[in-house]
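Visitor: I would like to learn how to read a few features in a model like this one. Where do we start?

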Amino acid sequence: MTFDAYDSLVWQLGFILISGWLATDIWRWAGVLLGNRLKDDSEALVLVRCMATGLVAAVIAQLIVFPSGALGRETEAWLRIMAALIGFAAYLAIGKKVGVGVSVSLLVLSMGIYFNV
């Protein structure tokens, strides 16, 4: 069975939800069960935090430098990079609030798309 097996949008959304849940829920439970035994400053937990941060940074960099779909068609690379830099500056200036950084980046990117910059 494949994602395109049925034309119904409900089935496709259900397929995404079930496959996403199965792929991640096992690891979430394993993290909860095993994480209770680790100290906050243990080397294993520091390694896991570093790897998770690196993966998130890599995904963000890939979305900025090599976007797919509408983001790649509708925006120039300099606009995406500028939006990320301005959002990061706002994040630092307002007291390291993630919501501010994301909102400012989204606003800059949206304005660039709207005004065809």
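Visitor: Which side chain makes a polar contact with the side chain of Thr75?

Guide: Note first that this is a predicted model. The partner is Arg80: the two side chains make a polar contact at 3.0 Å. A polar atom of its side chain lies 2.5 Å from the backbone oxygen of Leu71.

Visitor: Where is Thr75 found?

Guide: Thr75 sits in the loop between helix 3 (70-74) and helix 4.

Visitor: Is Thr75 buried or exposed?

Guide: Buried means under 20% relative accessible area. Thr75 has 5%, so it counts as buried.

Visitor: Which residues does Thr75 touch, not counting those up to four places away in sequence?

Guide: Thr75 touches Ala70, Arg80, Leu109 and Ile113. Arg80 belongs to helix 4, while Leu109 and Ile113 belong to helix 5, and these three are among the residues where the two helices meet.

Visitor: How is a pair of packed helices described?

Guide: By the angle between the axes and the distance between them. Here, take helix 4 (residues 77-93) and helix 5 (residues 98-114): their axes come within 7 Å and cross at roughly 150°. Helix 4 is therefore roughly antiparallel to helix 5. The crossing is right-handed.

Visitor: What classes of residue make up the contact of helix 4 with helix 5?

Guide: The contact has 12 nonpolar, four polar and one charged residues. From helix 4, the residues include Ala83, Ala84, Gly87 and Ala90. From helix 5, they include Gly101, Val104, Ser105 and Val108.

Visitor: Is Lys96 buried or exposed?

Guide: The cut-off for exposed is over 50%. Lys96 has 57% relative accessibility, so it counts as exposed.

Visitor: Where does Asp40 lie?

Guide: Asp40 is in the loop between helix 1 (9-35) and helix 2 (43-65). Asp40 counts as exposed because its relative accessibility is 62%. Leaving aside neighbours within four places in sequence, Asp40 is in contact with Leu45 and Arg49.

Visitor: How many Å separate the C-alpha atoms of Asp40 and Gly101?

Guide: 27 Å, for two residues 61 places apart along the chain.

Terms used. Residues are numbered from 1 along each chain as its sequence is written. This is a predicted model: local features need pLDDT of at least 70, side-chain atom pairs count only at pLDDT 80 or more; totals for chains, interfaces and linings use all residues. Side-chain values use heavy atoms; hydrogens and water are left out. Axes are lines fitted to C-alpha atoms, for helices over the stretch in contact, and angles run from 0 to 180 degrees between N-to-C directions. Helices (H or I, at least four residues) and strands (E, at least two) are DSSP runs, numbered from the N terminus. Angles under 35 degrees count as roughly parallel, over 145 as roughly antiparallel, 65 to 115 as roughly perpendicular and the rest as oblique. A crossing is left-handed if the near helix is turned anticlockwise from the far one by less than a right angle, and right-handed if clockwise. Contact means heavy atoms within 4.5 Å. Ala, Val, Leu, Ile, Met, Phe, Trp, Tyr, Cys and Pro count as nonpolar, Asp, Glu, Lys and Arg as charged, and the others, Gly among them, as polar. Buried means under 20% relative accessible area, exposed over 50%, partly exposed in between (1.4 Å probe, protein chains only). A polar contact is a pair of N or O atoms within 3.5 Å; within protein, one must be able to donate a hydrogen and the other to accept it, and residues adjacent in sequence count only if both atoms are side-chain atoms.
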